[in-house]
Structures are given as C-alpha cells and as structure tokens.
Amino acid sequence: MLIDLDAPIEPSTVVDDHLDRMQALTDTFDDVDTRVARAEAELRQIEFVHRREDDDPVLFVEVVRRAADLDQRLRDAVHVGERRVAAEAALTAQMLRERLRQDPTSIAVALDELALRLGDEDDDRLGAIRLDAMVTASRLRIEHGDDRAVAPEVLHRVLREAPRVRAGRVFAWRASLLLADLALADGATPDEAVSTARALLIDEAAAGHTPHAASLAIRHLHGILRRLDDQRRPVVEAEDWTRLVDAYAAATDPRTRAVVLTGLVRAAQPTARTTDGMLAVLRHADALARADDHPDTALPRFSVAALITQVLGHPDGAEPSRSSAAPARDPQEAVRLSVEVEQRFVTLWSRPDGIPAMAALLLDRGLRLSDLGRRAEARSALATLRNRVDESGLDIARVERAQAAYWTIRFLLEEDQIALAREGIGAILAEFGTDPSADVRIWAATALWSTWRSGRVDQPEAAALRQEFARRFADDPDVRLRRLDASRLLGEAAAQHEAGHSDRALALFQQIEQRYGEVQDDDIQDTVRIARENARIVAVATAAAGAGAYRVLRDRVQAADDLAAQGRIAEAEPLWHSIVAETTGATDPDLVVLRLAALDVWAGWMQEAGRWEQVAQLSQQAAVLPSQADSRAHRVQARAHLRLGMALTKLGDHRGAIRAYEALDALAAGTSDLDTAVSRQQAVYNRAVLIDELGDPLGALAAYEHVVAVHGQHLETAGGHLRCAKALRNQAATFTELGRTAEAAGAHRRVLDLVAVSTDPELMIRAKKSGFDLAAACTMLGDFPCAVATYAWMRSTPQLGLSAAELREVTRAEKNARRGRR
C-alpha cells in the first residue's frame, strides 16, 4: 500500500526503502504467495507511470530500466504469478519506449519476443498480454512501414487465439481493424476489407455482457463505419446497429441494455442527418424495448421513442451527403407519436432525471404543431410543459422552460397579439434574464432581440427593447449574447446612417470595433468586419479624390445588401456582378476592398442558399489579391479559402477542399490578425475532419494534433477551446480504433485539461464524455487507480452538470474501479 501511494509522488529512493523493508520483513518466508506478493509490490513501482498525465523522459527511462530488470529476474520463475509480473513489466517497458518515441522496429521485435515466450502459458492474463504484444507489434510495423508482410500472419494468429482468452475479443477487434487497413491499402473494396471485423462484432454471449463490454462493441462498430465510403456507410450502419440491438435486447444487466440504446440514439443524431435506415433501426429498437420495464432503462427507451418523433417532424430532413435515403417528413405523425410516447413514459414526470427529457418532448411537439399551423394547440403544449414542471416542485428543466417562454412570445407576435407578447417578455426577463446558465439567459435575450427585429412593434417600442437589451445583456460574457449585442449595435448604426446622422453611425461602428474587435468568434467577426467597412465608407464618403466613383459603387454595395436582406437575391446579384466587373484590376485600396466586399457578401448569400458551385467560383476570385492589398483584403482572402474548402466539400471534391484549407493554413501561418487566425483555425479543423473521413487514420492523428497546435498560437476563446476539444476527442476515437488505448486516454486527459481554462457549456459536454471515456480506457488498461481518480474528479466538478442518473453511474463505477484496484 505504501508503494502504491508513494510511487507517483515520492522520489524513487523512498520507494526503494519500502521495498528493502518489505524484503527484510519477509526474508524468512519463501512460500509461493509471499514471493508473488513481493513481485507484485515491485510491479507497483513501475505501473504507476500509467497514471501520469505528462511524459517525463528522465522518469520513463528509469522506469523502463526497472521494468527490464524485473522482467529479466522473474521471466523464468517457477510460479506463474511471478512470470505474470515479469510479463506485465515487459509490456509496460515497451509501452513507455513508444511514448519516448524510441525506434519502433526494436519495440516491435521486443514485443515479438514477449509474445513468443508466452506462447505455452495457460494463464488467462498472460494470454491477454501475448495478444496485446502481437497486436501492438503489428500496429507498429503497419504504421512505420517496417516488414508489413509479417503483420497479417500475426494478426490472423491473434484472431485464432483470442477466443481462448477472457478479454480476447478486444484484441480480436483491434486485429481485425488493422487487417482491414492492410486490405484497403492493397486495393480491396471497403466491404471486403471490413468483412472480418463485421463478423466479429456480435458475441454469442452478448446477453451476459457488462455495460463496458457493450460500449466496446459500439466503438468497434464505429471503427468499421469509419473505414467505409459515403455510399456504403449508411447501409452497413443500419444493418450492424440492428444486429447490436438484437444481440443486447435480452442482456441480463439493464445497464447494458441502457448503454446500447443510448449508443444508438447518439449514432442516429442529429436528426437532420438521420437516415431512413437508422430510423428503421430506431423503430425496431423501440418495438423490442416495449417488453422492458426496468427503471434503469426507462430514459434510454424514452430517448429512442422521442428521437423517432423528432426525426419524423424535423423540418430539415436528412443531410444529402449522409444518405439519399432521407426519412419522409411527417409532422402529423410526429405529433401523434409524441402524445403516445408521453403516455407510455408518463412516470418520468415523477423522476427528477426524467422531467427535462419529458419537457423537451413537449417543446418539440409545440414546434411541430406550429409547423402545422395549429398555433393554439402549440401554445397549449408549451403551457402544459410549464405546468407539469411546476407540479414537480423542483426548479429544473430551466432551459426547456425558457425555450417554451420564448416560442410562446414568438407565436403571439406572429398572431399580432402584441400586448400579450410584451407581457411575456417581462415574464421571461424576470424569471430567466439573470439565470446563472447562459444556456437559459440566451432565450430571454433572444426574446428581446427577435421582437424588435420582427417588424411588428413600432420604432419607439423597438428602441425601448434595444435599450432594455443593452441594460441587461450588453456586458454578458457569453459569446452568443455578445453576438446579439454586436448585431444590436450594427442595426442601430445602420438606422442612424439611414436617418442622415453619419456622425452617430460612425461612432457606433467604432464602438463595435472597440468592444468586439478582439473577440474570436466567426459571427462576431463578420459583424465587426461589416462595421469596419461601413465605418471606412462613412469616413471617406466625402473625400475629394475619387469620391464620385467610390460613392457610386458604395451606394451600389448598400443597395445590393438591402435587396439581399429582403430576400431579393436575384435582383442583388447583377449589382454585385457589376461592382466586381468595374473594380477588377483597380489599384485604389478602397476600390479593392469594395470589390472584395461584394465577392465576400455575394458568396455568403450563395452559401446560405446552398449554391455551392457559385460559392466556389466567387471564393476563387476573392482568394487572389493584388500586390498592394491591405489587411482588410487579406481577411477576405482567408475567408475565401475557408469558404472554398467548404464548397468543395459539399461538391464532393474532398481532396480539393483539403488543398484549399492547406493553402489558408500556409498563408495565415504566423499572422497576428485575429480575423485571419480564426479562419485558419476553422480551416485546419475542417481539414482534419476530412482526412479522418477519407479513411486515413494516421494522417488524421497528425492533423488533429496540428489543430491543437494552431489554436495554441493565438488568443484563447471558448470557440477555440471547443474546437480543440472536438479535435482531441476525434483523435482519441481514432487512437481507440487503432487499438492505441493508452494514447486515447492521453487525448481524453487533454480534453479535461481544457476545463481549467474554460467553462463553456458546449465544452463541458465534451469534457463530461471524455471523463467517462478516460475512465473506461484506464479500466481497459487495468489502471484502476486512474479510473478511480477520474471518477472522483467528475464527482467534484459541478461545471460538468452531471445529472442525477449520471452521478449515480459515476459513483457506482468508482466503487467498481476501487474493487478492481484491490
């Protein structure tokens, strides 16, 4: 126990003293149990390194030396317990050598030797170490192109031996995915490459699996899907999720059933991307789950049923790039099913962890009723939401209640019930305007913002609403509220300019620059960009030199913007075209900026309309700058490269998109301009995701690491932290699919590190997931102290917003990890 406690924090000499004392106290005993216990104590002096979050080369070299010594001493011991310790030490030594970036060939050879000497062992743990060594050695050879011909034979041996080892399925999965990568590299079709991995997905003993085992099966399925193309992925996804649902429907542990249903819901979201095949899987899972009445599965069963209603009622349908088989939208059926789902799961209204989910169901129903033109029923559903939550006596579901209040105000405005809408604004501000959570405050702020923009209140009332917004939310730190405030200021400036008060307009444009010029958020920077351009236009409008031509083009830009804002895009396009034509080849920096502004805004509207070929064409024009271009032009150029990459992605030219993002990365390297830096950050993230989707796991790992590095070069923001978290979680998923569990754990740790510098709600969602994933990885690695520490951290970090059910899950998992530690 002293060694276990002191090894991570005390000098090695202190632990050596403990070992010497242990040896002295047990010197006269030579029975098997004592020898094994001494060996296991020595192993603890080595294995603690798996709990370290940092890579300390000096320490790792010392631990590798100790591990090699322990292995050398005990590898030929008579008792299997001592040989097991030797093998654990040998495996740890090679893991550390890889972290030290030592020669991969020599590491693979050492792992081969370890696997060879364990070939005749009957011990289950030694069998697992042998499989781990074989898979890891093969991975190293594949990654580094060293003697790749050996890898398939070894990996097939893993597949043959895995059934004899209790934890063998995990190594079989890893081996099958590596074999798939080799097959793809040799020109096999994706279907052929993943055939073995798919065959291994379902375990005949699935009904007796633990929740962790079920989650590993889901991860294996994700690994399979990532190796398929866009055409086959949706088909295989639906087929294999059906197999998983069938295999685990009768699982004896209700938590295992819950894990599978929760995984299915995550895989089928967001609703705009749910394919017809996945909708069929959801329906199938819902039908099977009707025979399940265990309280531990109630929420996941509800989530499946609720998601079906959301998919049927979702206004956007399926995403074309995901699948052409989009579920037919049927809001009438969605409303009917929503009522049925509420009746089926009515007991959730009496559970604190179920009330937010039920409230979200009624909120969605209200929106679908509104889509059908049944406004009175929509407002009634939203009122019922509020009443049911109030009946609980608990101050929960505040996000859903705030959204219900917001939409009620919107519906009243659209029905011209202005007085009732104004009363609703007062109520939402009183109840939610100062809520500690920005996710709640945003709905109160948006109620103000959307009301003055609705055109249904007169100018004095709109001005009063803007003043109320400024008083309550102008200094709010949340970026979403800051976007609304920047938009408010821009609208006021435009109104002042239209009224002929150019001096007041200029002051407001400059105020936007002062307040938001350094904020790294794309939407805010778009507002700042417009304010800068308009400020310059206002300032130089009366200049003598070139004033006439400039004023004509400036007015034309404004006219095009006004037309576009009214939805008259077809009328605005000839104006943009004429501006670009008349300024092509211009050397005056103001005319250059007008040309680029026209291209930029034009491309933006085309992007919103989904006219991607035109977006690509316009972006290519804006990406080429004259030699005298200033910083404003370079910002537009950066956005043009970013938009070009997005357009090419939508057009199916993923390689071209990657090249566009890489061009922006190179152009913006070392920039001190925040606008350009943000565009670069988005570009490198989009590039990494594309590389990942193209099935290049090693390239994706490097690309995600580059994302983190680029974000670290500029002012940190909530949006930047969130992109880093997404990149690291994607990196962790790739590590996991490659069987590199220790490195996946390291990526999850880096996500948790971000919590120290940001508490953005979106980041907290990722951090919570990484907390669970890190603990699972530690458990898989046998590092139970790490799992215990992770669960303890999650319990003590309120920003994660653990639900009551999640808190119980964490507490239960921590207890299990402590038992595993003992």
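Asp 416 is exposed, with a relative accessible area of 52% (exposed means over 50%, buried under 20% and partly exposed in between, with a 1.4 Å probe and protein chains only). The residue has a positive phi of about 60° although it is not a glycine, and its place is the loop between helix 20 and helix 21 (418-432). Helices here are DSSP runs of H or I with at least four residues, numbered from the N terminus.

Ala 397 is another non-glycine residue with a positive phi, about 55°. Ala 397 is buried, at a relative accessible area of 7%, and lies in the loop between helix 19 (375-392) and helix 20 (398-414).

## Basis of the model

This is a predicted model, in which local features need pLDDT of at least 70 and side-chain atom pairs count only at pLDDT 80 or more, while totals for chains, interfaces and linings use all residues. Residues are numbered from 1 along each chain as its sequence is written, and side-chain values use heavy atoms, with hydrogens and water left out.

## A cis peptide bond

The bond from Gln 269 to Pro 270 is cis, with omega near -5°. Pro 270 sits in the loop between helix 14 (254-268) and helix 15 (276-289).

## Helices 36 and 37

Helix 36 (residues 741-753) packs against helix 37 (residues 761-780) at an angle of about 150°, with their axes 9 Å apart; axes are lines fitted to C-alpha atoms over the stretch in contact, and angles run from 0 to 180 degrees between N-to-C directions. Helix 36 is therefore roughly antiparallel to helix 37 (an angle over 145 degrees).

Note on methods:
Helix = DSSP H or I, 4+ residues; strand = E, 2+ residues; numbered from the N terminus. Parallel < 35°, antiparallel > 145°, perpendicular 65-115°, else oblique.
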